[in-house]
Amino acid sequence: MSESDAGQVSLSAPKIPCPTVPTIRFEQEGQQVGCIEGANLRKAALDAGINPYKGLNNLNNCGGVGQCGTCVVEVVEGMQNLSPRSDVEQVYLADRPANYRLSCRTSVNGDVTVRTRPQGGVGKGSNSLVGALKSLIGK
Ligand code: FES
């Protein structure tokens, strides 16, 4: 509250920066959702009714603890607004493009556009049965 020269009292709210709400655009579903900063990408998808899994992986996934490599998304835009690839992702996605992410290991810090269930996202390399066997025997 301040008093002007004319004796009028003016009420003015303190200037508080308005927080921005990150928006996740799910390209294939034609859907976009707002989320809190730092939101988990897999959980945000599920909360919006978007399925991050393909086929049998709906039954055969780890539930978001980074152990199955089946929740792959392709980042179309906004890679800089996501958490960096985790060590788990480096292993599971070693033979995938750099813009492929495990949604359960990814935090959203700003606007992003993703493609769920991308072609070749799951079922080869380190997140396939062959890949798992290779890593077990060290080849
Ligand atoms: S749900 Fe299993 S690694 Fe993401």
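Analyst: Asn-61 counts as buried because 20 other C-beta atoms lie within 10 Å. The cut-offs behind that word are 20 or more other C-beta atoms within 10 Å for buried, 12 or fewer for exposed, and anything in between for partly exposed, with C-beta atoms placed from the backbone. The model is predicted, and local features need pLDDT of at least 70, side-chain atom pairs count only at pLDDT 80 or more, and totals for chains, interfaces and linings use all residues. Residues are numbered from 1 along each chain as its sequence is written.

Asn-61 is placed in the loop between H1 and E6; here helices (H or I, at least four residues) and strands (E, at least two) are DSSP runs, numbered from the N terminus. Leaving out neighbours within four places in sequence, Asn-61 is in contact with Tyr-53, Cys-68, Thr-70 and Cys-71, where contact means C-beta atoms, placed from the backbone, within 7 Å. Asn-61 and Cys-71 are ten residues apart along the chain, and their C-alpha atoms are separated by 8.0 Å.

Asn-58 lies in the loop between H1 and E6 as well, but counts as exposed, with 11 C-beta neighbours inside 10 Å. Asn-51 and Tyr-53 are its contacts once neighbours within four places in sequence are set aside. From Asn-58 to Cys-71, 13 residues along the chain, the C-alpha separation is 9.5 Å.

Two strands are taken to pair if DSSP finds at least two bridges between them.

With E3, E9 pairs in the parallel sense over three bridges. Ile-24 has Val-112 as its bridge partner in E9, and Phe-26 stands opposite Val-114. E3 is also joined to E4 by four bridges, and that pair runs antiparallel. Phe-26 has Gln-31 as its bridge partner in E4. Four residues lie between the strands in the hairpin of E3 and E4, where Gly-30 takes a positive phi near 60°.

In a regular strand, side chains alternate between the two faces of the sheet. On E9, Val-112, Val-114 and Thr-116 form the covered face, and Thr-113 and Arg-115 the uncovered one. On E3, Ile-24 and Phe-26 are on the covered face, with Thr-23 and Arg-25 on the uncovered one.

Ile-24, Val-112 and Val-114 are among the residues with the most contacts inside the largest nonpolar core, which has 22 residues; Ala-44, Val-72, Leu-102 and Val-108 are also in that group. Such a core is a set of buried Ala, Val, Leu, Ile, Met, Phe, Trp, Tyr and Cys residues joined through C-beta atoms within 7 Å. Apart from residues up to four places away in sequence, Val-112 touches Ile-24, Val-75, Glu-77, Gly-78, Asn-81 and Leu-82.

Arg-117 is not a glycine, yet has a positive phi of about 50°. Most residues other than glycine have a negative phi. Arg-117 is classed as partly exposed because 19 other C-beta atoms lie within 10 Å.

For the chain as a whole, there are three helices and nine strands, in the pattern β-β-β-β-β-α-β-α-β-β-β-α along the sequence. Of its 139 residues, 29% are buried. Among contacts with a separation of 6 or more, 65% are between residues 24 or more positions apart.

Notes:
Contact = placed C-beta atoms within 7 Å.
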